[in-house]
Amino acid sequence: MSSIKNNNIAILIMAAGGSSRLDSPKQLLKWGNNYLINHIVHTALSAGIGPISLVLGSRANEIQDILMEKVIVLINPVWQNGMSSSIKAGIASLDNDVEAALIMLVDQPFVSDVLLRLLAEKIGEKEVEIAAPRVAGQQCNPVAFRRSLFPEIMKISGDRGAKAMFKGRRVGWVDWPDERLALDIDSREDYRLALRLKEDQSSASSGLASR
């Protein structure tokens with residue numbers, strides 16, 4: 001049983017990047033009848049974990065205009081300095097009663113609220129410092145960090161996340177069966193693949209429902 005209550009675990013959604021490998025902002029890609037950013041925010045809210053903060057940077061005003069659900073919005077004025085600057089902006093904003101931070105990425109459409117709850121439960125285990133999912137043995141995002149690691153997270157730099165934090169840490173793994181979790185939308189080709197995988201899943205679900 002987790003020693004950390006869900007309301008003491010913050011979700012930080014990283015959505016500040018400029019999508020340099022796409023011809024449009026990944027936050028504003030269409031996903032079903034909505035935008036990708038709203039899909040990600042809805043998933044976070046559905047998990048019942050909070051508070052939830054959305055870190056924006058590039059085209060922040062445009063993104064805020066289409067948000068459909070209310071979350072804390074943080075603006076990273078130095079988003080060009082890379083992912084680390086957005087992670088640090090999120091961590092620096094957290095109240096003292098937050099015992100862990102779960103970092104999500106805006107370009108992972110196949111993260112589920114079930115996975116978020118499992119990661120929240122795992123980070124609450126006594127010996128766990130970091131909780132992360134694995135797909136076929138490969139580490140994926142999102143990742144949860146205990147508060148004890150926040151000072152070290154505040155020292156990371158460049159266009160990278162906190163992957164280097166794993167070395168020598170007590171990691172609690174959540175083995176996840178859905179291989180789509182490993183897909184990040186970084187290019188137009190990734191986006192086409194994600195849409196195809198989404199459509200395949202929808203078709204399969206419809207087929208089961210009609211039996």
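User: What pLDDT does the protein chain average, and what share of the residues score at least 70?

Analyst: This is a predicted model, and pLDDT is the predictor's confidence in each residue. Here the protein chain averages 91, with 93% of the residues at 70 or above.

User: How much space lies in the largest pocket?

Analyst: About 1000 Å³. Its lining has 38 residues, and Met83, Leu105, Asp107, Asp159 and Asp186 are the closest to the pocket centre.

User: Which elements each supply at least two residues of that lining?

Analyst: They are strands S1 (9-15), S6 (100-105), S8 (138-139) and S9 (143-146), together with helix H3 (83-92). H3 gives the most, with 3 residues.

User: How do the lining residues of the largest pocket divide by class?

Analyst: There are 17 nonpolar, 13 polar and 8 charged residues.

User: What is the volume of the second largest pocket, and which residues line it?

Analyst: The volume is about 190 Å³. The lining consists of Trp31, His39, Pro109, Phe110, Val111, Ser112, Asp178, Arg180, Lys198 and Gln201. By class, 4 of these are nonpolar, 3 polar and 3 charged.

User: Now single residues. Is Asn76 buried or exposed?

Analyst: Buried means under 20% relative accessible area. Asn76 has 3%, so it counts as buried. The residue lies in the loop between strand S5 (72-75) and H3.

User: With which side chains does the side chain of Asn76 make polar contacts?

Analyst: One partner is the side chain of Ser85, at 2.9 Å, and another is the side chain of Ser86, at 3.0 Å. Beyond four places in sequence, Asn76 is in contact with both serines and also with Val55, Leu56, Gly57 and Ala89.

User: Where is Ile49 found, and is it buried or exposed?

Analyst: Ile49 sits in the loop between helix H1 (36-46) and S4. Its relative accessibility is 4%, so Ile49 is buried.

User: Which residues is Ile49 in contact with, leaving aside neighbours within four places in sequence?

Analyst: Those contacts are Asn6, Ile9, Ile11, Ala44, Leu116, Arg117 and Ala120. A C-alpha separation can also be read against sequence distance: Ile49 and Asp113 are 64 residues apart along the chain, with their C-alpha atoms separated by 9.4 Å.

Note on methods
Residues are numbered from 1 along each chain as its sequence is written. This is a predicted model: local features need pLDDT of at least 70, side-chain atom pairs count only at pLDDT 80 or more; totals for chains, interfaces and linings use all residues. Side-chain values use heavy atoms; hydrogens and water are left out. pLDDT is the predictor's confidence in each residue, from 0 to 100. On a 1 Å grid over the protein atoms alone, a cavity is a set of points where a 1.4 Å probe fits but cannot get out, and a pocket is an open set with protein on both sides within 12 Å along at least five of seven lines; lining residues have an atom within 4 Å of a point. Grid points are joined across faces, edges and corners, and a volume is the space filled by probe spheres set on the points. Helices (H or I, at least four residues) and strands (E, at least two) are DSSP runs, numbered from the N terminus. Ala, Val, Leu, Ile, Met, Phe, Trp, Tyr, Cys and Pro count as nonpolar, Asp, Glu, Lys and Arg as charged, and the others, Gly among them, as polar. Buried means under 20% relative accessible area, exposed over 50%, partly exposed in between (1.4 Å probe, protein chains only). Contact means heavy atoms within 4.5 Å. A polar contact is a pair of N or O atoms within 3.5 Å; within protein, one must be able to donate a hydrogen and the other to accept it, and residues adjacent in sequence count only if both atoms are side-chain atoms.
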